[in-house]
Amino acid sequence: MSSRLHPLAGQPAPPDSLLDLDALQEAYFSRQPDPSSPEQQVSFGTSGHRGSALDGSFNEWHVLAITQAIVDHRKQQGIAGPLFLGADTHALSAPAVTSALEVLAANGVDVMLAPAGQFTPTPAVSLAILEYNQGRTGSARADGIVVTPSHNPPRDGGFKYNPPHGGPADSDITSGIQKHANAYLAQLLQGVRRLDADSALAAGTTHEHDYLAQYVELLQHVIDFDAVRASGIRLGVDPLGGAGVAYWPAIAERYKLPLTVVSDVVDGRFPFMSLDWDGKIRMDPSSPYAMRRLTTLRDKFDVAFACDTDHDRHGIVTPSGGLMQPNNYLSVAVDYLFRNRPGWSANAGIGKTVVTTALIDRIARGLGRPLFDAPVGFKWFSPGLLDGSLGLGCEESAGASFLKRDGRVWTTDKDGIAAALLSAEITARTSKDPSQYFESLADTHGRPYADRVDGVATREQKARLSKLTAADVQATSLAGEAVEAVISAAPANGAAIGGIKVSTANGWFAARPSGTEDIYKVYAESFRDEAHLQLLLQEAQDIVNKALAAT
């Protein structure tokens, strides 16, 4: 169980690694999935259904079936308000939007679409849902769909549903949608209502909504732009060819910021990306290999940032430290926000996942704030962000959202744009870039050494790993320390974490399958040193291998 670094990791994508867009589109429309094959069925992970038309796992039939299942869910739940439909820049997103609209229009659903040519970040959809639902209850409420596979490779497509609370749907909802969508596939789409594309676009239920204008204007309630502008700091952003490509210049213009957009190119092949750790193109702003373009420019800016393709994840680059580890920046964000948001409730807590750094646990204790330690998946934080009982929710994969400055809800899905811009506010108001801020936190609370090992895993291996419990772990010591706890359920709510976490006095590891790709993840963190971290990782892999072999 170890990841092997590709020899071209961090290098520009060679021409022969680029996607054939015509072949991808042809496969989307022509390939009919096999409903008896688990690999070609609808499967909702931690954030919607994902797959590739080239594998028969994200094709027109999938989108038609899922959309009809969502329509059925809306009727069952009495949701009759508009549906906000957004999409990122992946090549399969545009045809999937068309397919979804054909079904929604045929079912008489009012759909809110961005103006032609405008892409839609995930947080803009969440914000639109929440803004519309203010003062509305019952059947009048809106919900949404975001067509995105997040940071996944260019060949992939994704489709996720956000109910009226504006955040990711919980497993009760997604399991029902998945079940009914697969039933539609099995019966060859019988029962799926559909118009042709032109009729759907011209339908009286199809409306234009300017997500960009709404998001940019309301962003002033989240970030202190006056402080950023007054400081004169130089800012840089790389949209990574994603859905926020037009948002950044609009933000710079609206708030008069010295913000340089290093590239505004949109190309479904993503040829401008450097290859990720495994030699694939992946728009992951937390990967030093995928982020090579921006990190080479670190000295040109006082702080710079990037977002993934649907702009729900962030990456922070500083002149003093380069690309920050997600856990380190999230720790900085937590400490800064809870010290600099007097409009927030004194009882507002901190939401994190069980695989996010334990430094946040220490910061929470120092701040006297409650900690909500949840399973992986941002859906666990949406209710708390909605009612203000959480000031911030975050997960180690560089995803976070937080309240408006006055303590009201902002978004209930991850917002990479706001998280990125917060780094500018932090730099402006503290005269420290986030890397320097992190150093002061490490001096106070202890320095974490963390890493994550990814590797290929089959569907069967992922299923076995997700079902491990404390009884499957026989080890009584880990990296020279006594094992203090082995958990398979989250402290916040007792929900299964989809794997195991083993903790000692000065370190921990967790192992779980990815909910979005055919890989597993082993996380480890030490508060001693790098050697202790490597020992944690080594022994973690041995423990997991033995546990899997025994099942």
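Predicted model: local features only at pLDDT ≥ 70, side-chain atom pairs only at ≥ 80, totals over all residues.
Close-up 1. In helix 9, spanning residues 247-255, you'll find Tyr-247, Trp-248, Ala-250, Ile-251, Ala-252 and Tyr-255 buried (under 20% relative accessible area with a 1.4 Å probe, protein chains only). Helices here are DSSP runs of H or I with at least four residues, strands are E runs of at least two, and both are numbered from the N terminus. Residue numbers start from 1 along each chain as its sequence is written.

Close-up 2. The order 14-13-15-16 describes an open sheet of 4 strands with mixed pairing (a pair needs at least two DSSP bridges between the strands). Strand 14 (371-374) and strand 16 (399-402) sit at the edges with a single partner strand each, so one side of each has no neighbour in the sheet. Strand 13 (residues 349-353) and strand 14 run parallel, joined by 4 bridges. Gly-351 stands opposite Phe-372 in strand 14.

**Close-up 3. Helix 11 over the strands.** Helix 11 lies across strand 13, strand 15 (390-395) and strand 16, where contact means heavy atoms within 4.5 Å. Helix 11 runs at about 175 degrees to strand 15; angles go from 0 to 180 degrees between N-to-C directions, with axes fitted to C-alpha atoms, for helices over the stretch in contact.

Notes:
Heavy atoms only, no water. Buried < 20%, exposed > 50% of the residue type's maximum accessible area, 1.4 Å probe, protein only.
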